Amino acid sequence: MSPLAYIAVIIAAAVALFIWNKLPVVIVAMATALALWMTQVLTLGQALGGFGDPAVIFIACLFIVSAGLETTGVTAWAGQLLIRGAGSESRTRLLLLTMSLVAVLTALISVNGAVAALLPVVVVMAVRLKRKSSQLLMPLVFSAHAGSMLALTGTPVNVLVSEAALEAGVGEFGFFEFALVGVPLLAGTMAIIILFGERLLPQRNGAKMPADLSRHAKTLVEQYGLADGILRMRVRATSPFVGLSQSDIDLSAFSGMQLVAVQDGESAAPLRRPVREGDHMLVRGNAEAAAALAAQMHLSFRDELTVGQGEETLFNRQSGLAEVVIPPRSGLIGHTVFPGMVTDSGDLIVLAVQRAGAEIDTGKPNPGRGGITLHAGDTMLLQGTWKALDVHLSDPDVLVVNSPELVRRQAVPLGPGAYQAIAILFGMVILLATGFIPPAVAGLLAAGAIILSRILTVEQSYRAIDWTTVILVGALMPLSIAMVETGAAQFMAEGLVSMIGNAGPLALLAGLFVLTAIMGQLISNTATALIVIPIGVAAATSMGISPRPVLMSTAVAAAGAFLTPIATPTNLMVMGPGGYAFGDYWKLGLPLLIWFFVVSVFLVPLIWRF
């Protein structure tokens, strides 16, 4: 068989296996790369070279930056803003805001960067609003494709057609000149998705959707009876408590008041030294008794908190809550604890204990006065800094009900490290927008900054990368090389041009659009553009027309990568979180591709004349 025949068989088999959807997609992708080597279409280095491609490295780095934004609560904050702006009921407003945001961001940092940054935000929004992720993630990606036509920096294809126009002697395209077609493309995309998306998209979630933990703190304080009467009071310099240890503080003179804990004023960690000015006392009781305590013992209330806001007092940017279960055979069975007790690590406070869902109250919460003997199945509510919760709850003697890391990501907007993460994101955006350095280098610098700033550890950064997407992109990239080197792509392009003949410039635009769109569903749109651009320029020259509309039409066609998940890396990014199958993409993608065809063939010549 000839290399052209091998390519045809391999592509047909890969597409069939993707549609069949019975084998893991990474297996199909790796088999495609190995088949190119086994048939000697490519060398082994070429067949596996996609894993070292700068685009693959850039995508992996984007996952790390995205995880940094999520870990620090930036995505939770952005999601809250979107939900607040859209409301919980309006699907149309939610989609409009989401699609507008991703389109603008895409114009600045490319499709891959914009989708990677907003993917966790949209997943969290789907969970909180109880909407299917499949209804939101494909609109996110397809709007990003349309948004790539808003500016020169939206996609590498825009840069390629601008350089080709300059080389053809008709002048390069301006930075925002692409928006002349980009705005109609985006408007039409939004309209189609809003009007028909709900019926054309499946109703399902990804296999690993996170739980909605946005109201986790409120749920815990209500369950453990701490919703009312928990206050944080600041110790003044003149307070008689200054210099005392926590065990020496006696509130018996104030009826109904109970000391829960004393925290360091700066770190919010449990106090293991004598009390100083600025430290905080967590107390439980009614408002009148608390006011009397504050007046007599020279304590001050935090202005922004009042009685009844226990979840905000116990759960904030500095510290959080965790519920743990005592498992069978735990070493803690038989140990005695009491509310207000500091654990052996010295970093966590026991706030309450429940047995069979009911609070255990001995009435003797202080050391030396008894306590609660732990049994298997008891649950404890612990409070401490987020770092302490992350470090100490890996103890095998307890089972954590909800991971503090997941809770913090969803429920604490703009947590510790948030502003550093935002600064790193903006730095990467500036580097990508200006083009001072290659995108892969910008991504590596941003990912490195995330780790060096201790937003993520090295181990967390490994876990943040969606390796399925990375393997898929890396394994399928050699397919583009094979099509170019064997002449398969050139053979298809030249055959189309010969078919068009002298049918006229509109027929040329239509033919080039069909060719670009078909190839763009199987290989990267950048590789497709590199193949089609010189053919389009040559055809325009031979027909005596300007190459500018031909080039712009090609850019529009290259952006219409809607029909398959393998068309672009971003299509693959949302496949898992959205629970999509291979055949889900074309149902919404086909109407969008028809709209792109109308703009490419009929609107482009009205703006850039032949």
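The chain comprises 24 helices and 11 strands. The model is predicted. Its C-alpha trace spans about 100 × 45 × 45 Å along the principal axes, and 53% of the 610 residues of the chain count as buried.

**Helix H8**

- Helix H8 covers residues 156–167, and its 12 residues should span 16 Å at 1.5 Å a residue; the C-alpha atoms at its ends lie 17 Å apart, which agrees.
- The buried residues in H8 are Val-157, Asn-158, Val-161, Ser-162, Ala-164 and Ala-165.
- These residues lie on the same side of H8, because the arc they cover around the axis is only 160°.
- An α-helix has 3.6 residues a turn, so residues three or four places apart point the same way.
- Leu-166 and Glu-167 are exposed and sit on the face of H8 that is turned away from its buried side.

**Nonpolar surface patch**

- A nonpolar patch on the surface is formed by Leu-506, Trp-586, Leu-590, Ile-594, Val-598, Phe-602 and Phe-610.
- Together, the residues of this patch have about 630 Å² of accessible area.
- The most is given to the patch by helix H24 (residues 585–607), with five residues.

**Aromatic pairs**

- The count of aromatic pairs comes to eight.
- In one of them, Phe-513 and Phe-597 have ring centres 5.3 Å apart and planes at 80°; the pair is edge-to-face because an angle over 60 degrees counts as such.
- This pair links distant parts of the chain, with Phe-513 in helix H20 (residues 505–520) and Phe-597 in helix H24, 84 residues apart.
- Phe-513 has a relative accessible area of 3% and is therefore buried, whereas Phe-597, at 25% relative accessibility, counts as partly exposed.
- Phe-597 also forms an edge-to-face pair with Phe-602, at 6.5 Å centre to centre and with 80° between the planes.
- Phe-142, Phe-562 and Phe-596 are linked into a cluster by ring pairs.

**Trp-77 and helix H5**

- Helix H5 (residues 74–86) contains Trp-77.
- The relative accessibility of Trp-77 is 33%, so this residue counts as partly exposed.
- Trp-77 and Leu-406 are separated by 329 residues in sequence, while their C-alpha atoms are 15 Å apart in space.

Methods:
Residues numbered from 1 in each chain as written. Predicted model: local features only at pLDDT ≥ 70, side-chain atom pairs only at ≥ 80, totals over all residues. Heavy atoms only, no water. Helix = DSSP H or I, 4+ residues; strand = E, 2+ residues; numbered from the N terminus. Expected span 1.5 Å × (residues − 1). Buried < 20%, exposed > 50% of the residue type's maximum accessible area, 1.4 Å probe, protein only. Arc of directions from axis to C-beta. Patch = residues over 30% accessible without salt bridge, like charges linked within 9 Å, V, L, I, M, F, W, Y side chains within 5 Å. Areas by Shrake-Rupley, 256 points an atom, 1.4 Å probe, with all protein chains shown as cover. Salt bridge = Lys/Arg side-chain N within 4 Å of Asp/Glu carboxyl O. Phe/Tyr/Trp six-rings, centres within 6.5 Å; stacked < 30°, edge-to-face > 60°.
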